[in-house]
Amino acid sequence: MNKDKKAILITAALLLVLCLGAVLGYQKFAPRGVAGEKEITVKVVHADAGEKEFTYQTDEEFLGAVLEAEGLAEGEEGPYGLYIISVDGETAEESRQQWWCLTKGGETVNTSATQTPIADGDVFELTLTEGY
């Protein structure tokens with residue numbers, strides 16, 4: 001076997017090992033929901049700065065399932081989960097660069113609602129934000 005073929009095989013094997021490691025790492029460190037009954041609060045901040053607070057009793061493990069089951073939020077499934085378009089009857093207008101910002105206790109959430117685990121007592125905020 002010549003050097004070029006050997007280098008290609010070694011590179012392919014290393015790439016396969018790295019991909020497998022990434023998958024296993026994600027499975028180990030992926031956000032996990034908490035099983036059982038819990039109470040969460042979702043604060044909605046509308047475009048006019050008006051606020052509404054919703055409290056839910058649920059046994060769901062992820063926020064997106066609660067928002068959809070309760071009819072509070074609607075959206076589209078994307079590659080990263082639920083992309084929220086409408087909350088509490090107010091729809092984000094893409095022409096105005098509006099979008100719903102998800103925070104937990106005032107801190108930015110780096111997962112979609114679908115991937116955001118919930119625990120008893122959690123407080124989330126959905127704020128209609130303008131500008132990308």
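I began at G36, which touches T58 and D59 when residues up to four places away in sequence are not counted. Contact here means heavy atoms within 4.5 Å. The model is predicted: local features need pLDDT of at least 70, side-chain atom pairs count only at pLDDT 80 or more, and totals for chains, interfaces and linings use all residues. Residues are numbered from 1 along each chain as its sequence is written, and side-chain values use heavy atoms, with hydrogens and water left out.

**G36**

I placed G36 in the loop between helix 1 (3-29) and strand 1 (38-45). Helices (H or I, at least four residues) and strands (E, at least two) are DSSP runs, numbered from the N terminus. Is G36 buried, partly exposed or exposed? G36 counts as partly exposed because its relative accessibility is 32%. The cut-offs are under 20% relative accessible area for buried and over 50% for exposed, with partly exposed in between (1.4 Å probe, protein chains only). I also checked G36 against D120, 84 residues apart along the chain. Their C-alpha atoms are separated by 9.0 Å.

**D122**

Next I looked up D122, in the loop between strand 7 (107-108) and strand 8 (123-130). D122 has 10% relative accessibility, so it counts as buried. Which residues does D122 contact, leaving aside its neighbours within four places in sequence? I found E39, I40, T41, K104 and P117. The side chains of D122 and K104 are joined by a polar contact of 3.5 Å. Such a contact is a pair of N or O atoms within 3.5 Å; within protein, one must be able to donate a hydrogen and the other to accept it, and residues adjacent in sequence count only if both atoms are side-chain atoms. A polar atom of the D122 side chain also lies 2.8 Å from the backbone nitrogen of A119.

**Whole chain**

I then read the elements from the N terminus on: α-β-β-α-β-β-β-β-β-β. That is two helices and eight strands. The chain has 132 residues, and 28% count as buried. Among contacts between residues at least 6 apart in sequence, 54% join residues at least 24 apart.

**Largest pocket**

Last, I turned to the lining of the largest pocket. Strand 4 (81-87) and strand 6 (98-104) each supply at least two of its residues.
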